[in-house]
Amino acid sequence: MAILSLVDVKKNFGITEIIRGVSLDIVEGEKHAIIGPNGAGKSTLFHLISGRYNVTAGNIRFKEEHIENKPPYEIARMGLARSFQVTNIFSRMSVFENIRCALFWSMDYGYSFWHLLGRQTELNDAAMHVLEQIGLTDKAKFPSGELAYAQQRALELGIAIASGAELIMLDEPVAGMSHSEAQNTVELIRKITEGKTLIMVEHDMNIVFDVADRISVLVYGEIIATDSPENIRANPKVQEAYLGEVPSA
Amino acid sequence: MALLKNSSIWIAFLVTLLGLPLVFDSILAISIMNQIAIAIVFALSYNMLLGQGGMLSFGHAVYFGLGGFLSVHALILIEFETMVFSILWIPLIGGVFGLLAGVFIGSFSTHKAGTVFAMISLGIGELIAASSLIFSSFFGGEAGISGDRTFGPTFFGFDFAQNIEIYYVAAVWAFIATVFMYLFTQTPAGRMANAVRDNPERAEFVGYSSRKVRFISFCASGLFAGIAGGLFALNYEFITEENLNAATSGRVLLMAYIGGLGYFIGPIIGAVVLTLMNSLLSNYSELWMLYLGIMFLLTVMFLPRGFAGFFMMHQLAWIRGNMKMLIKPYIITGIPAVLFAVCVIALIEMSHTEDEVFHYLALELNPASPITWIVLLGIAGGAFYAVKRSLLQLNDAWETANAIPKEEEA
Amino acid sequence: MLEVLIFATLNGLVTGFLLFMLASGLTLIFSMMGVLNFAHASFYMLGAYFAYSLSLYFGFWTGLIFAPIVVGVLGAMVERYGLRRVHQSGHVAELVFTFGLAFLIEESIQFFWGRDTKNYQTPELLDFPLFTLLGQEFSAYRGFMMTISIGIFIGLYYVLTKSRVGIIIQAAITHPQTVSNLGHNVPLIFMGVFGMGTALAGLAGVIAGPVLTTFPGMATVLGSIVFVIVVIGGLGSLAGAFIASLLIGLLQSYAIASDVGMPDLLNLLGVSFERGHPLNDLWTMNLPQIAPVLPYLLLVLVLIFRPTGLMGKREE
């Protein structure tokens, strides 16, 4: 069953069409990668799904409910979480506070100004547990803005997964990392998305073919193919768009 | 519980508040302490907006002033026995009205932070200040309105005719307000205010409407500003348009900024320092506002996190036990710096005096003689040069004191 | 009635063009550097005071030329040694810095010139009525003010659209990063624009000083209004600032000139209230009384319903 489905989604900026009619079904539990050359509109597509941009036309349903043009916070509350390509954290707060903020809503605190955080053992334990998962336990009190790049990326992931969302969208999670850092991050992604649906934009083809169950190829605002990694590799249209970029192995 | 962990600080705070009149019991001291208590609440409420929530307001006096006006009206109602209750509750009336004003104005102004919010706050501030002069039956025009705090039921025999009695009322209210404002920072709403300040966009992706988070901080801030206004009404028994106009809004911004935004204690420091300067310096020099302006600009330029930020900068050196490495360089830079400031102030004051002999500190200076000027300028120049030279040394000492020890790095 | 309308229009235009001299500099500075200069009207005040002091010794015309230059140099120095440093601490710090600067300039003016109103006179050369219409005089000095401001407006338009510097500035308004990447010295441009903007404000002060009186509060009187204009016009839009300047100038002038009030409106509607009514102030309000409030009301309404202003594109 499709947990997320896009029907003929379009997005224009002024007269420029960035997304030109994307239809896509994401099956519950799958690991789906979106690839494509620079400027294809991958990040824009993420922004449309997560509510940062309004769609120009078309509709998006998450768990059978229309979410196009809903504000991001409503979509997030439904169980759709995302990370950002450029690190996007609460930079003046500690690592622990970053994660705790990501947990509030899912743990039913809402806009409470009557719960004292020091007393919320369950919440604080949950935050520590997430820190453990992303390997930042010893940096809990560290100001997040001063973390090393790879650690900030880990925190970025942590904020996305903290709430226990069913659908997780990661925008280039290993961009700018060294090979070994990227390997660790892939392991981390595998671990934390277990039993969940994952949509990922990534440029590193090794990682894409390693992680994804299915791959969609986005070129100039259109999806030219959605298929299993093997078939995508063999697809002549994809090879044309990706001349020389697909590993032959 | 976070509060309990720091309970000794809170007890110390309360004891200080209540004990001060035993040490300083002159009429002037009591009056200054009253002002400090009011300023602390007001500045902390401002910090809820700017420091905690990232909303730069140029119209915060609106909530202070409206709370104050309602409080004076309440005093008048008590005086004419339309209502009968102890004046102890007056600040609450100010607070409730500040909250209502916050709910109303916040409902449309918290949509955006940044420049848009700043401009709306400025516009509303000017709008209400100007309107208050039009609606003179409520605001009393230029003269303002006044009441009398001695009419309500007495409280264990106290009728609050004395300033010292009001000081205790103000101190208790200031303590309660401070505790609640601190507790607010320890709640999900308070923490999300920080998150929205840092990154409103990401806050939306963890399930929070930035606007609603700002709105809650805004209302809470209005509540406490109103309480401060109520305390003002109790202390002075009158209030005028001046208490809700741009000048008052500017003053609270100065307090919070000089004290240090983002640190809970910052605005308290700012409130104390500025109120003391206001009350004490104004006795010695009519130019104190000029000094205040200079001090403010220097703070913005060189201590962007205020006095509190300056102290907190030393946390790392303190933890590492390296503070003693800094003492000597601080003294070496500090002495010429103070000397420079003393000379500059002397020059400024001298150019403004009309007396034959100008008394300055323990000195008697002759403003008419060019030698005085040359000597002062010379000392100032030399001191400035010494500060510049020794700053390098201070910088080095700072680097060493904060350097990461070798073993820790590995 | 007709002469009231004509003179209100003329006076409104004089004020409007004067406001634009301030608003244009403020808009340029905001567009380039992203900072709303709270002290902008303070430079206007400095212009008036410098010109006053110069006029005492060398006459009005020397002041007219040199006071704006001095103000501009001062402005450039403020940018170079103050604002540039604060820039690292973010926009809030910059805004707060200019706020403090406005405070300091006002205090400094009281320090150097005292608190009293200065007797800054219009030059004798222009001390005659330009024309008399239906018994009312329009002074030559007002005509001179209008000429100068329109001249500045045309000059500014020419520089911004035709000259090389102007084109770089235009580009820097919309794409500051790109301009910097193209190898232009952006800090220098910033300093120049800040200097020019403050010099314009200074010039406005020089010509407004004799008419609007030269006193330490003159920056406060005009400062918030100029802010209102820049915001209503749309932050960063010169055309918007121009329209809003004239709009506010005319609006205030008409409101002051008319003596219409709530009583007239109520009479028209056939409603009446007793004097003792609790909302008496509301029923007896008239337009001249609420004239000072109008710009702020407009500001708040514009910001709520159209946060980008009349012609603005950027919000932050």
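Does A:Glu64 count as buried or exposed, and with how many C-beta neighbours inside 10 Å? A:Glu64 counts as exposed because it has 9 C-beta neighbours inside 10 Å; exposed means 12 or fewer other C-beta atoms within 10 Å, buried 20 or more, and partly exposed in between, with C-beta atoms placed from the backbone. This is a predicted model, in which local features need pLDDT of at least 70, side-chain atom pairs count only at pLDDT 80 or more, and totals for chains, interfaces and linings use all residues. Residues are numbered from 1 along each chain as its sequence is written, and chains are lettered from A and ligands numbered from 1 in the order in which they are written.

**Positive phi in chain A**

- A:Glu64 lies in the loop between strands E4 (57-62) and E5 (65-66) of chain A; helices (H or I, at least four residues) and strands (E, at least two) are DSSP runs numbered from the N terminus.
- Its phi is near 70°, a positive value in a residue other than glycine.
- A:Asn69 sits in the loop between E5 and helix H2 (72-77) of chain A, and its phi is near 65°, also positive.
- A:Asn69 counts as exposed because it has 12 C-beta neighbours inside 10 Å.

**Helix pair in chain C**

- The axes of H2 (residues 40-58) and H4 (residues 91-113) of chain C come within 9 Å and cross at roughly 20°; axes are lines fitted to C-alpha atoms over the stretch in contact, with angles from 0 to 180 degrees between N-to-C directions.
- H2(C) is therefore roughly parallel to H4(C), a term for angles under 35 degrees.

Conventions:
Parallel < 35°, antiparallel > 145°, perpendicular 65-115°, else oblique.
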